[in-house]
Amino acid sequence: MTLVDASAAVNFSLNGAPVTVRTAPDRRVIDLLREDLGLTGSKEGCGTGECGACTILVDGEPRLACLMLAAQLEGHAVETVESLEQTPLGRGLVDAFEAHGAVQCGYCMPGMEMTALALLRQAPSPDREAARRALSGNLCRCTGYVKIIDAVTRVRTESP
Ligand code: FES
Ligand code: FES
């Protein structure tokens with residue numbers, strides 16, 4: 001009997017560092033991150049592209065890790081919530097969510113924060129409408145969104 005190796009090498013950048021993983025090309029990115037790479041910050045809510053809890057950035061754009069396959073990462077730059085502490089903007093974002101009481105159970109937060117990070121890189125001082133629009137794909141069952149929008153529109157960083 002011949003055993004077929006169904007895995008393949010996938011090369012990408014993960015939170016600024018180059019990585020190569022051997023995996024089934026059709027492994028979901030959320031499983032690759034959480035189970036194979038130990039990055040459990042990204043959460044799976046619905047698993048069907050509805051809630052945004054699994055949002056990561058791929059080449060700076062918000063993407064749903066529950067709908068992406070490992071092979072789609074080849075050659076791309078992936079950022080997860082674990083990277084937020086690496087930059088003044090990321091730290092400012094986390095601090096703003098805390099300062100404005102925007103976190104309750106916290107399950108939606110990794111996805112919210114990554115979507116907000118992409119927005120703030122493009123528009124450092126978004127108004128409430130822009131923040132609402134950007135976050136419209138991220139669902140929260142706890143907060144009622146007002147404090148989340150407060151936080152995203154008032155992020156301060158240590159550097160200008
Ligand atoms: S877990 Fe991916 S969108 Fe809900
Ligand atoms: S804080 Fe609980 S789902 Fe958003």
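Trainee: How many bridges join S3 to strand S5?
Mentor: Two, and the strands run antiparallel. Keep in mind that this is a predicted model. S5 covers residues 77-79. Within S5, Val78 is the bridge partner of Val58.

Trainee: And which way do the side chains of S3 point?
Mentor: Thr55 and Leu57 point one way, Ile56 and Val58 the other. In a regular strand, side chains alternate between the two faces of the sheet.

Trainee: Are those four buried or exposed?
Mentor: All are buried.

Trainee: What about S3 and S4, how many bridges there?
Mentor: Four, in the antiparallel sense. Leu57 has Pro62 as its bridge partner in S4. The hairpin has two residues between the strands, and Asp59 takes a positive phi near 50° there.

Trainee: Zooming out, what is the strand order in the sheet?
Mentor: S2-S1-S5-S3-S4, an open sheet with mixed pairing. S2 and S4 are the edge strands, as each pairs on one side only. The twist averages 40° from one strand to the next.

Trainee: Which strands does helix H1 touch?
Mentor: S1, S2 and S3. Its direction makes about 100° with that of S2. Helix H3 lies across S3, S4 and S5, at about 35° to S3.

Trainee: New topic. How many disulfides are there?
Mentor: Zero, searching the whole structure.

Trainee: Why does Cys54 count as buried?
Mentor: Because its relative accessibility is 2%, and buried means under 20%. Cys142, at 31%, counts as partly exposed.

Conventions:
Residues are numbered from 1 along each chain as its sequence is written. Chains are lettered from A and ligands numbered from 1 in the order in which they are written. This is a predicted model: local features need pLDDT of at least 70, side-chain atom pairs count only at pLDDT 80 or more; totals for chains, interfaces and linings use all residues. Side-chain values use heavy atoms; hydrogens and water are left out. Buried means under 20% relative accessible area, exposed over 50%, partly exposed in between (1.4 Å probe, protein chains only). Two strands pair if DSSP finds at least two bridges between them. A disulfide is a pair of cysteine sulfur atoms within 2.5 Å. Axes are lines fitted to C-alpha atoms, for helices over the stretch in contact, and angles run from 0 to 180 degrees between N-to-C directions. Contact means heavy atoms within 4.5 Å.
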